[in-house]
Amino acid sequence: MAFKKYTNAELAELFESIDNAEGAPFVAMPEDQLLQGVDAAKSMISSMKVTPAACGGAALAGSFQAVQGASMAVAVARPSGSASPVQTVSLVSGLDQAKLSAIYARNKEQAKTCRHMVIEVAGQKAESSMAEVPVATATPGTFAVKATSTVGTVVTTQIMVTALKGGVVITSNYVSAGNVALETKQAAETLDDIAALIK
């Protein structure tokens, strides 16, 4: 299929045509709020200590450098009766094909090289683990990762399903409520819905 560089506005428009598995609409994050979040994440990197070192510092900074100049859009779908976003979808475009392919490959490789990490920031320590999990989708090249983070007694699990299609890196992210197989399936369905709109 044809490779296309999408603008921020064009990426955000893709969310208007889809709902999540519960039928909740996706609401795109305002562009200024998205940029503030990226800047805050960049600032946090400098104060983080990550073990193994290969998964922090330069590696994290490189992730932000890789999307320098990219167009982006992020949207959330909220569960019924809750203010907390259960599903987040991020779209990255606007770069040449080689750079987008590198972002996709970096995300896939990280699941293998950073399976177990310890992150220290602001006096708090978190242990993180990542593992690739099976996923069935209609979008070629899709992969899924389960990431579990433990801070004290609080354990958070996220499911991230990623693909590259026609000039857009799509990542569909679920905050797990415990049913990883179902949530992986639902995250993949959303990814397929977005991918179907990319012609």
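**Figure 1. Strand S4 and its neighbours.** S4 and S9 pair in the antiparallel sense over 6 bridges; two strands count as paired if DSSP finds at least two bridges between them. Helices (H or I, at least four residues) and strands (E, at least two) are DSSP runs, numbered from the N terminus. S4 is mostly covered, with 5 of its 7 residues buried. Buried means under 20% relative accessible area, exposed means over 50%, and partly exposed lies in between (1.4 Å probe, protein chains only). In a regular strand the side chains alternate between the two faces of the sheet. This is a predicted model, in which local features need pLDDT of at least 70 and side-chain atom pairs count only at pLDDT 80 or more, while totals for chains, interfaces and linings use all residues. Residues are numbered from 1 along each chain as its sequence is written, and side-chain values use heavy atoms, with hydrogens and water left out.

**Figure 2. The whole chain.** The protein chain has 5 helices and 9 strands. Along the sequence they follow the pattern α-β-α-β-α-β-β-α-β-β-β-β-β-α. The radius of gyration of the protein chain is 16 Å, close to the 16 Å that the globule rule gives for 199 residues, so the chain is as compact as a globular protein of that length. That radius is taken over C-alpha atoms, and the globule rule is 2.2 Å times the number of residues to the power 0.38. Taken along the principal axes, the C-alpha atoms fill a box of roughly 45 × 35 × 30 Å. Buried residues make up 38% of the 199 residues. Among contacts (heavy atoms within 4.5 Å) between residues at least 6 apart in sequence, 57% join residues at least 24 apart.

Figure 3. Helix H5 covers residues 180-197, and its 18 residues should span 26 Å at 1.5 Å a residue; the end C-alpha atoms are 26 Å apart, which agrees. The expected span of a helix is 1.5 Å times one less than its number of residues. The buried residues of H5 include Glu 183, Thr 184, Leu 191 and Ile 194. The buried residues of H5 pack against helix H1 (8-14) and against strands S4 (87-93), S6 (124-133), S7 (143-151), S8 (154-165) and S9 (168-175).

Figure 4. Lys 185 forms a salt bridge with Glu 189, the closest N and O atoms being 2.7 Å apart. A salt bridge is a side-chain nitrogen of Lys or Arg within 4 Å of a carboxyl oxygen of Asp or Glu. By this rule the count comes to 3 salt bridges. Side chains of opposite charge can pair when their charged atoms come close. Lys 185 and Glu 189 are 4 residues apart in helix H5, a separation of about one helical turn. Lys 185 is partly exposed at 49% relative accessibility, and Glu 189 is partly exposed at 33%.

**Figure 5. Two further salt bridges.** Glu 132 forms a salt bridge with Lys 108, with the closest N and O atoms 3.1 Å apart. Glu 132 lies in strand S6 and Lys 108 in helix H4 (residues 97-113), so the pair ties together parts that are 24 residues apart in sequence. Glu 132 counts as partly exposed at 38% relative accessibility, as does Lys 108 at 26%. Lys 4 forms a salt bridge with Glu 10, where the closest N and O atoms are 3.8 Å apart. Lys 4 is partly exposed at 36% relative accessibility, and Glu 10 is partly exposed with a relative accessible area of 29%.

Figure 6. A disulfide joins Cys 55 to Cys 114, with an S to S distance of 2.0 Å. The pair links distant parts of the chain: Cys 55 is in the loop between S2 and H3, and Cys 114 is in the loop between H4 and strand S5 (116-121), 59 residues apart. A disulfide is counted as a pair of cysteine sulfur atoms within 2.5 Å, and the count comes to 1. The torsion about the S-S bond is about -105 degrees, so the disulfide is left-handed. Cys 55 is buried at 3% relative accessibility, and Cys 114 is buried at 4%. A cis peptide bond joins Thr 51 and Pro 52, with omega about 5 degrees. Pro 52 lies in the loop between strand S2 (49-51) and helix H3 (58-66).
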